[in-house]
Amino acid sequence: MKRITPMILAALLLGAASASAGLKVVATTSDLGNLAALVGGEDVEVSILCPGDSDPHYLPAKPSLARKLGKADLLVYNGLELEVAWLPPLITKARNPKVRPGAKGDLDCSTALTEILDVPGRGADRGQGDIHPLGNPHYNLDPRAMVLVAQRMAARMGELDPDHAADYARRADAFAQAMRGKLREWETAIAPVRAGHILLYHQTWTYLVHWLGLDVYGEIEHRPGIAPSPKHVQQMVERGRELGDVIVVAATWSHIDVARRTAERIGAPLAVLPAATGAEDGIDGYIQLIDTIVARLVAAAGERGGP
Amino acid sequence: MKRFLITAAALALTASIAAGASSTATGVSNAMNPAISLNALFLGQWNDDTPTAHENFVKLQEAEIQLTSVVDPFWTADVVLAFHPAHAHDGEEAHGMETDLELATLTSTAMPAGLGLTLGRFYLPVGRHAVLHTHQYGFSRAPLAQQLILGDHGLTEIGAKVDATLPLPWWSEVAVYGVNGDAEIFDAEDRSPAYGAHWSNLWDLTDDATFELGGSYLAGPAARHEDLAGELNLLGVDATWKWVASGRSQGPAAEVSVEAYLPDADNAAADPTGWFALGQYRVHRDWWLGAGYGRVNDVEVAGADWTEWHAAATYAPSHFSSLRAEVSRIEEIDGAASDLRVAVQWNFTIGSHPAHLY
C-alpha cells in the first residue's frame, strides 16, 4: 500500500497537469506556430514540427514528430502541398482521429486565403520541377494573408474550445490591428527597393514581392527543387547585368554558395533573408521576421547604389 | 420553343459530361480514383566469375504499380503490384516475367486508444530493411543476409497486424502479427500459421540526429532448406543512426544502419546467422555515396560462410529519378568462390507516389 499510494498520487498529478494544459495545438511551421500562440494565448499549448531554420519542403518525417501529433487537439498546417513529403505519413503514424483529414482538429490554413499565386495551368507537369499543383504555398511571407489565417485559426479554436472563443477572436483582432500599423510602415520603408530589380533563388519570396510590389526578373532555381543549369544561371547573370540595380535574394536554408556566386557575377548585393520565424537567433516573432526582411532588403538596395 | 429547349438540354448535358461533372447520368467519374504511381528499376550488371546471360545482363529489375486511397470513414487501402523477371523454381531456369501482389492492405482509421490495425498482405516487420520497397534500398539489391535467410522473394504475408505506441518518454512502438506462413522462409507443406513481433524505439539525439533501436521475433512452422528444418524461431536486431543537417535545404545527410538475423531451427545441423552494416552520405544536393559490408554463416549447409561488400555512388537530380553505379564483391570464406560485380541501376517514378516513412 505504501508503494501504491505515491504511484496513484503521481498519476493523479500527471492527469491534473495534462487537464490544465488547454487546447493542444500542433503547427507544421514556425510561423503558424507563432500565430497559434498569439491567437491562443494562455489557453493553448503549441508545438511546432518544422523548426524555423529548416526548409519545410524537406523535413524528415521522424516518428518523434508523430508523437507530438498523437496528443494534438488541433493541427494547423500550411497546405497547398507544402508539407506533402512528410505530413501524411506523420498523420498516419500518429493514429489520432482528432487531427485526421476532415476532422474538426484538421485546419488547412491556406483555406483562409483570398488569393493564391502561381497556380499552374492544366499543362503543368514535373518537367517544370517540384511545382506545387495547387499553387505557391509560401503565403506566410505576406502579412495580409497571415491576418486572414489568424482569424481562421481563432474561429476553429473557438469551435473546439467554446469557453474561450471570445478570447481567441479578441487576440486575432489585436493581431490584425497590429498588422495594419506595421503594413504601412513596411510598405513605406521598402520604397528604395522598388526602384531596382530582384533575382530570387527560389519561389519562396513570391508572395512577399507581390505584396511589396517589387520587380522580379527571374529565379536562379527556375525549376523548383532542381539544381539550376549553368546555362540558365548564365542567362540570369546576363539579364541582371543588362538591367542593373539588382538584388539577389535567398533564404537562409538555400544553396547560398550558388546565390553568392551568381550575385558576384552580376555585381549585385546578396540579401540572405530568414524565411520563417526562428530561422535565425533573435527572430522570435512574426513582426520581427518581416522587420528583418524589410530592413535587409533596404540595406541591400543601399549597397547596389539605388535611390 | 420545344426544339430550342431540347437543343439547350442536349448542350447542357454535353457540357457537363465534358467537364466530368455528371457522374449521376453517366456513372463515369474519376473523382474518387486512388492515387496511382509507377516506379521502374532497371539494372545492368557485369560479373567476372559467371559470364552467362543469367548473371550479365541489362534488364527490368522490378516495376511497381502502387494504388493508394481512402476506402471509407474506417479504412485506407494500399495495393502494390510488382512486375519482375521470373524466379527460378525447383532448379529450372526462369524465363519471362512474373507479377506479384506485393502488398494489399487495409489500414484502420477507427481503432480506439491509438492502436493501429492492418489487414491483408503486408511486409513482415523483421528489422528495418526487409520492409523497404526495392527502390528505397541504398544499394541495387538487398543485403545477402536478407536474401539468404529471409528469402530473396521478399517477406510478405497475408494476415493481421496490430500496432501500439507505448507511453514512454521516447518514441516506442510495438507491432504484433499473425500471418498465413507461406513466405519462402516457411514450409509450403505445413499449414500452421506464423506469428511475430517488432519493437522499435527512436530517440532524438539532437535536432539533426536520431538513433533507432529495434528488436524482431518471428516464429513459424517451417524452413526453406535443410539447415532451417523444423519449428523456426528468428530473432532480429536493428540499429540506425540518421543525421540530416537542419538549416540547409537538401544539405548534408548521413545514415548508418546495422542489422542482424539470428534464426534458430529445431532440426538444424548449424543455425545460419547473418548481419550487415550499410552507410550513406549525401555529399552534394544530388549526390550520395554509400558503402556496405555483410556476412552470413552456415547458410544452405553448415560451414558455408560468405562476405559481401559494396560501394555505390547515386545521382538523384529530383525525387523522381536516380542513377546509381555500384561495385560489389561477394566471397566464400575459406572457399574458392568469389565474384566481383559492377552494376548500373536507374529508376524513375511517375504519378502520385505516397511519401515514405522515416
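Is Trp287(B) buried, partly exposed or exposed? Trp287(B) is partly exposed, because its relative accessible area is 38% and the partly exposed class lies between buried, under 20%, and exposed, over 50% (1.4 Å probe, protein chains only). We will come back to that residue.

Some ground rules. This is a predicted model, where local features need pLDDT of at least 70, side-chain atom pairs count only at pLDDT 80 or more, and totals for chains, interfaces and linings use all residues. Residues are numbered from 1 along each chain as its sequence is written, chains are lettered from A and ligands numbered from 1 in the order written, and side-chain values use heavy atoms, with hydrogens and water left out.

Start with chain B. Chain B has three helices and 16 strands. Those are DSSP runs, numbered from the N terminus: helices are H or I with at least four residues, strands are E with at least two. Of the 358 residues in chain B, 40% are buried. Now take contacts, meaning heavy atoms within 4.5 Å. Among contacts in chain B with a separation of 6 or more, 52% come from residues 24 or more positions apart.

Next, the interface. On the chain B side, 36 residues are in contact with 29 residues of chain A. The buried area between the two chains is about 2700 Å², and carbon and sulfur atoms give 52% of that. Buried area here is the accessible area (1.4 Å probe) that two parts lose on being put together, summed over both. Which residues of chain B lose the most area to chain A? They are Trp171(B), Ser249(B) and Arg285(B), together 24% of what that side buries.

Arg285(B) turns up again. Its side chain meets that of Glu221(A) in a salt bridge, at 3.1 Å from N to O. The rule is a side-chain nitrogen of Lys or Arg within 4 Å of a carboxyl oxygen of Asp or Glu. Between chain B and chain A the count is four salt bridges. Which elements of chain B give two or more residues to this side? Strand 6 (156-165), strand 7 (171-179), strand 8 (194-204), strand 14 (306-318) and strand 16 (338-351) do.

Now the rings. Over all chains, the count is ten aromatic pairs. Rings of Phe, Tyr and Trp (its six-membered ring) pair if their centres lie within 6.5 Å; planes under 30 degrees apart are stacked, over 60 edge-to-face, the rest tilted. Phe42(B) and Trp346(B) are stacked, 5.7 Å centre to centre with 15° between the planes. That pair links distant parts of the chain: Phe42(B) sits in strand 1 (residues 35-47), Trp346(B) in strand 16, 304 residues apart. Phe42(B) is partly exposed at 26% relative accessible area, and Trp346(B) is partly exposed at 33%.

Back to Trp287(B). Trp287(B) and Tyr315(B) form a tilted pair, 5.0 Å centre to centre, 40° between the planes. Trp287(B) is in strand 13 (residues 287-297) and Tyr315(B) in strand 14, 28 residues apart. Tyr315(B) is partly exposed too, at 31% relative accessibility. There is also a cluster: ring pairs link Phe42(B), Trp346(B) and Phe348(B).

Last stop, chain A. Where is Ala112(A)? Ala112(A) lies in the loop between strand 4 (106-108) and helix 5 (143-160) of chain A. Ala112(A) counts as buried, because its relative accessibility is 10%. Leaving aside neighbours within four places in sequence, Ala112(A) is in contact with Leu148(A), Val149(A) and Arg152(A).
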